[in-house]
Amino acid sequence: TNSSAVDLSLYKDYSYPADPSREDDKDCIFLDSPLYRSVYVYPTWMNETDGWDGPIVSSQYKNVSKWPWIDLEQEAKDGKYGHYGGASNQMGQYTLELIVRDLMRHPESCLRTMDPLKASLFYVPYLPSIEFHKGKTYAPDYSTSPYGAAIEEATEGKFDNWEKMFGLTSDFWKRKSGADHILVFSEPLHGLSHPRSKRGSYHFINTQKMLTPPIIISIEVSTTFVKKYPKCSAKNIVTPYPNPDGNWFNGEFDNSAMEKWEGLREKNAYLEAEKERFPVTTPEAGIFQPRPFAQYYSAGAHGECTQLRKILKQDYGCSKSSQFFNKGAQMSYHLGMRMSTFCPCPGGDSPSAKRMFDTINAGCIPIILSKDFVWPFTKEADPSIDIDPSLFALRWNATDFYETAYDSECQLKDESSPSVQAAVEKISAEEIARLRDGIKHASDLYSFWSKEGYGGSEFPLHDNIFPNGGASKAIVKLLAERAGGSRWPDCKLELEGRVDGQDARRFEC
């Protein structure tokens with residue numbers, strides 16, 4: 001729909017609160033961004049201070065019930081549970097919607113404008129993961145909420161229920177068919193609806209509506225999906241899984257690991273290539289150094305790639321690294337990664353997992369064993385991005401590791417049998433150093449909070465710490481390139497002649 005088809009005269013005559021001046025905003029980190037004061041955030045239910053007034057509300061706004069995620073979020077925040085429980089809580093990895101919301105609204109970002117006519121992008125403040133889980137790890141109800149259904153209809157050009165359920169005008173949806181609107185999905189297998197036992201491209205297409213006009217920000221796409229729909233994939237933005245545990249940024253975990261490094265050298269579980277470059281164990285030296293163990297692996301046998309995970313666990317159990325970790329060392333996940341040079345990362349219920357990004361932030365070189373996994377913010381997700389994941393990660397064929405290399409006594413069945421341990425022992429010191437230098441840079445790119453200047457907070461979301469890390473900056477940069485819905489026309493053209501029912505139904509390991 002062209003903008004001329006929508007009458008916006010009401011908005012021109014309405015007096016909106018003035019945006020701060022550039023002088024007032026001089027300390028904002030996005031002051032020089034093309035998105036400076038040009039993202040309109042739809043106002044929160046019945047909050048006049050937030051802009052719930054004037055022509056932006058629909059004719060039905062007085063009859064709108066309180067959005068359920070408002071109280072659910074506040075209760076979780078007050079109790080420090082659910083999405084606000086930190087990374088030790090499983091829900092911590094599903095906080096993208098909270099982080100992006102804070103990024104759009106926080107006064108230190110200076111992205112928000114109170115005048116929709118000045119906006120090149122519109123952020124929809126729907127929190128689907130908060131609403132779905134209702135404060136519980138395992139959601140009690142998988143039915144589609146009326147709010148999710150209303151947004152799904154809006155992505156398809158039907159706006160009556162948007163105005164009814166959200167109490168907001170659909171004028172700006174109609175102006176560009178929603179191509180300048182931002183929707184955020186925090187979970188790989190959920191979105192506007194929650195169907196069970198669906199895999200492959202189903203969720204990208206049906207649950208998260210990636211082939212419709214809005215800009216979808218999510219934590220996952222697949223290689224298969226990107227190859228089939230490169231233009232639509234480039235319309236959207238894929239991000240890393242968030243890690244909202246402040247101990248990953250305040251130095252607590254890094255320093256704890258480094259204190260143990262020196263005493264572990266005699267375990268002889270390090271790679272020969274690391275022997276001459278053993279680390280300096282002072283906090284100033286940082287964690288991106290040689291490690292006392294060759295590898296670390298910890299994952300359950302579940303998901304699409306169960307067989308691979310079982311083999312990896314068996315083979316890891318026969319490595320020197322595992323033999324130490326299993327001898328009462330009580331090595332936690334975050335320490336295990338910081339003790340090791342390499343971290344194998346298979347797919348799980350879907351191609352991606354939080355561990356792909358935790359390994360990088362822990363300084364452990366990831367070995368991707370998931371054919372359908374896509375690294376965010378790289379050319380794998382969008383060819384226009386000039387970042388190659390081979391700078392900081394290895395990617396091996398999972399099919400090479402579908403048979404265990406060891407017998408029950410941990411003896412090699414055959415000298416030529418492939419195992420992760422044998423493979424990493426062949427990697428040169430120079431190659432390890434190159435990859436380690438790469439993950440040092442990738443660590444900032446995949447963090448929503450910067451370590452530089454970070455305080456002692458263990459709960460950055462709860463404590464309202466502004467998400468100023470590289471991942472946040474990358475999102476804003478990519479949104480600026482999609483301002484005004486500029487990438488929807490190419491996606492729309494790509495979809496001409498598309499036939500339903502011909503997309504992948506499974507993920508590839």
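1. The side chains of T169 and Y11 form a polar contact of 3.2 Å. This is a feature of a predicted model. T169 sits in the loop that joins α6 (160-166) to α7 (171-175). Its relative accessibility is 5%, so T169 counts as buried, the limit being under 20%. Setting aside neighbours within four places in sequence, the contacts of T169 are Y11, Y42, P55, I56, V57, S58, W162 and E163.

2. Nonpolar side chains tend to be buried together in soluble globular proteins. For L479, the contacts beyond four places in sequence are L35, M104, L121, I182, I215, I217 and I237.

3. Helix α12 (residues 306-317) has 12 residues, and at 1.5 Å a residue it should span 16 Å; the C-alpha atoms at its ends are 17 Å apart, which agrees. Which residues of α12 are buried? They are L308, R309, I311, L312, D315 and Y316. Because these residues cover an arc of only 165° around the axis, they lie on the same side of α12. An α-helix has 3.6 residues a turn, so residues three or four places apart point the same way. The cover over the buried residues of α12 includes β7 (293-295), α13 (320-325), β8 (340-346), α15 (355-361), β9 (365-369) and α16 (420-425).

4. G246 belongs to the loop between β6 (237-238) and α11 (252-261). Its relative accessible area is 0%, so G246 is buried. Not counting residues up to four places away in sequence, G246 touches Y454, S457, E458 and P460. The C-alpha atoms of G246 and N361 are separated by 12 Å, while the two residues are 115 residues apart along the chain.

5. Most residues other than glycine have a negative phi. K80, in the loop between α2 (68-79) and α3 (96-105), has a positive phi near 50°. K209, in the loop between α8 (202-207) and β5 (215-218), has a positive phi near 55°. Are these residues buried or partly exposed? K80 is partly exposed, with a relative accessible area of 38%, whereas K209 counts as buried at 8% relative accessibility.

Key: Residues numbered from 1 in each chain as written. Predicted model: local features only at pLDDT ≥ 70, side-chain atom pairs only at ≥ 80, totals over all residues. Heavy atoms only, no water. Helix = DSSP H or I, 4+ residues; strand = E, 2+ residues; numbered from the N terminus. Expected span 1.5 Å × (residues − 1). Buried < 20%, exposed > 50% of the residue type's maximum accessible area, 1.4 Å probe, protein only. Arc of directions from axis to C-beta. Contact = heavy atoms within 4.5 Å. Polar contact = N/O pair within 3.5 Å; in protein donor to acceptor, adjacent residues only side chain to side chain.
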